[in-house]
Amino acid sequence: MADSTEVRELVYLVTGGCGFLGEHVVRMLLQREPRLLELRVFDLHLGAWLEELKTGPVQVTAIQGDVTQAHEVAAAVAGAHVVIHTAGLVDVFGRASPETIYEVNVQGTKNVIEACVQTGTRFLVYTSSMEVVGPNIKGHHFYRGNEDTPYEAVHRHPYPCSKAQAERLVLEANGRKVHGGLPLVTCALRPTGIYGEGHQIMRDFYHQGLRLGGRLFRTIPASVEHGRVYVGNVAWMHVLVARELQQRAALMGGQVYFCYDQSPYKSYEDFNMEFLGPCGLRLVETRPLVPYWLLMLLAALNALLQWLLRPLLLYAPLLNPYTLAVANTAFTVNTDKARRHFGYEPLFSWEDSRTRTIRWVQAMEGSAR
Ligand SMILES: NC(=O)C1=CN([C@@H]2O[C@H](COP(=O)(O)OP(=O)(O)OC[C@H]3O[C@@H](n4cnc5c(N)ncnc54)[C@H](O)[C@@H]3O)[C@@H](O)[C@H]2O)C=CC1
Ligand SMILES: CC(C)CCC[C@@H](C)[C@H]1CC[C@H]2[C@@H]3[C@H](O)CC4=CC(=O)CC[C@]4(C)[C@H]3CC[C@]12C
């Protein structure tokens with residue numbers, strides 16, 4: 001909470017501040033960063049909700065801009081003490097071309113780093129992803145691993161490749177001299193699958209369940225654990241890391257941290273049912289209804305259809321070979337690195353996270369109840 005004894009002097013910039021995670025980071029900063037003087041929210045598409053934030057003690061500056069445009073980024077970064085770079089193209093469904101994904105995720109990140117160097121901004125927090133580690137193309141399971149767990153991180157899909165490249169750039173930039181001669185301090189946060197208020201895929205599953213008469217059909221065995229983390233805790237971790245990076249540069253600079261909380265280890269579908277169940281949906285079958293080989297065939301067919309239809313229309317269903325491989329490969333983390341390095345404790349318990357997410361699903365139009 002804002003402490004009235006703290007002096008408001010810091011300028012923060014959040015790129016992608018109107019996205020699913022970005023909005024939570026923006027709101028969390030306003031609630032939990034008492035030294036904030038100005039908060040710049042940079043996004044390709046600005047949300048109308050920003051207006052309601054402009055009446056508080058912090059100056060909220062909305063900047064409509066594109067991270068792929070170096071001059072726009074430099075203008076937004078100039079004078080900021082801290083940059084939280086969450087902007088990214090999150091596309092594993094083939095909606096955008098690989099070139100566009102690289103342009104936004106890699107070139108956009110380069111632009112942010114160069115802007116920090118040119119303008120003298122010293123602290124950069126990058127929202128990376130578990131996907132920079134895995135699941136890899138071989139489908140190796142990553143079972144309750146931590147930041148030091150050996151794992152063959154080999155990818156082919158543009159999204160994880162671009163996130164891995166961008167993360168490397170951010171970490172390599174740690175220690176570079178910025179304008180004025182002081183060193184840049186960077187670090188990267190790697191959320192697992194984020195859930196919570198505003199999660200588009202949860203919305204899609206909910207509406208799909210409604211269309212199917214309140215039922216969802218299991219596709220992945222319940223034993224395939226998936227790492228999930230509540231958006232409020234991911235946002236809190238960003239706020240904390242940005243704050244502590246300024247005090248503990250030697251320890252935290254150039255480091256990566258998985259984002260974790262007390263959300264239970266479950267399969268992707270069983271986890272979603274924690275929220276969709278109380279909203280009237282049920283998961284049919286204890287075992288997958290469709291055999292895995294058939295799912296693979298359907299996924300390949302979807303990829304083929306996407307390619308054939310591309311000149312005419314965008315066909316981008318949830319099921320494709322990549323999403324199937326990710327959903328069917330266990331990836332869970334068990335770490336306390338963030339606690340050890342900067343005192344992170346989840347702000348929201350599992351019960352809170354669950355209740356908040358259920359309330360949000362229930363508030364969606366046409367609740368199944
Ligand atoms: N959703 C998830 O489960 C996970 C997301 N992440 C990472 O978290 C970050 C945020 O992801 P989400 O909030 O889920 O996605 P999102 O799509 O809701 O938010 C991304 C934001 O970036 C903005 N953006 C996209 N291209 C831009 C550009 N060229 N210039 C300026 N802004 C641009 C979008 O308008 C959007 O507001 C991303 O970097 C993503 O890779 C990491 C792990 C898991
Ligand atoms: C076989 C089913 C039809 C598959 C449906 C579920 C999938 C769409 C999702 C299963 C796992 C998700 C990914 C995972 O949570 C890790 C991610 C991290 C990110 O940085 C971005 C999003 C994502 C790739 C996420 C995307 C949806 C799933 C593949």
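# Exercises on a predicted model with two ligands

A backbone N or O atom of threonine 86 lies 2.9 Å from an oxygen atom of ligand 1. That is a polar contact, meaning a pair of N or O atoms within 3.5 Å; within protein, one must be able to donate a hydrogen and the other to accept it, and residues adjacent in sequence count only if both atoms are side-chain atoms.

The model is predicted, so local features need pLDDT of at least 70 and side-chain atom pairs count only at pLDDT 80 or more, while totals for chains, interfaces and linings use all residues. Residues are numbered from 1 along each chain as its sequence is written, chains are lettered from A and ligands numbered from 1 in the order in which they are written, and side-chain values use heavy atoms, with hydrogens and water left out.

## Exercise 1: Ligand 1

Solution. 

Step 1. Look at backbone atoms. Leucine 44 has a backbone N or O atom 3.3 Å from a nitrogen atom of ligand 1. For isoleucine 194, a backbone N or O atom is 3.0 Å from an oxygen atom of the ligand.

Step 2. Check the cover. On its own, ligand 1 has 820 Å² of accessible area, and the protein covers 86% of it. Such areas come from the Shrake-Rupley method with a 1.4 Å probe; for residues, only the protein chains shown count as cover.

Step 3. Name the elements. Helices (H or I, at least four residues) and strands (E, at least two) are DSSP runs, numbered from the N terminus.

## Exercise 2: Ligand 2

Solution. 

Step 1. Turn to side chains. An N or O atom in the side chain of serine 129 is 2.6 Å from an oxygen atom of ligand 2. For the side chain of tyrosine 159, the distance from such an atom to an oxygen atom of ligand 2 is 2.7 Å.

Step 2. Taken alone, ligand 2 exposes 620 Å², and the protein buries 90% of that.

## Exercise 3: Salt bridges

Task: How many salt bridges are there?

Solution. 

Step 1. Apply the rule: a side-chain nitrogen of Lys or Arg within 4 Å of a carboxyl oxygen of Asp or Glu. The count comes to 15.

Step 2. Lysine 54 and glutamate 51 form one, at 3.2 Å, N to O.

Step 3. Arginine 248 meets glutamate 244 at 3.0 Å, N to O. Relative accessible area is buried under 20%, exposed over 50%, partly exposed in between (1.4 Å probe, protein chains only). Arginine 248 is partly exposed at 34%, whereas glutamate 244 is buried at 14%.

Step 4. Arginine 354 pairs with glutamate 274 at 2.8 Å, N to O. This pair links distant parts of the chain: arginine 354 is in helix 12 (residues 350-363), glutamate 274 in helix 8 (residues 268-276), 80 residues apart. Arginine 354 is partly exposed at 29%; glutamate 274 is buried at 15%.

Step 5. Look for shared partners. Glu23, Arg27 and Glu52 are joined into one network by salt bridges.

## Exercise 4: Cysteines

Task: How many disulfides does the structure have?

Solution. 

Step 1. A disulfide is a pair of cysteine sulfur atoms within 2.5 Å. A search of the whole structure finds 0.

Step 2. Take cysteine 18. The nearest cysteine sulfur, in cysteine 116, is 19 Å away. Cysteine 18 is buried, at 17%.

Step 3. Take cysteine 259. Its closest cysteine sulfur, in cysteine 187, is 9.7 Å away, so too far for a bond. Cysteine 259 is buried, at 0% relative accessibility.
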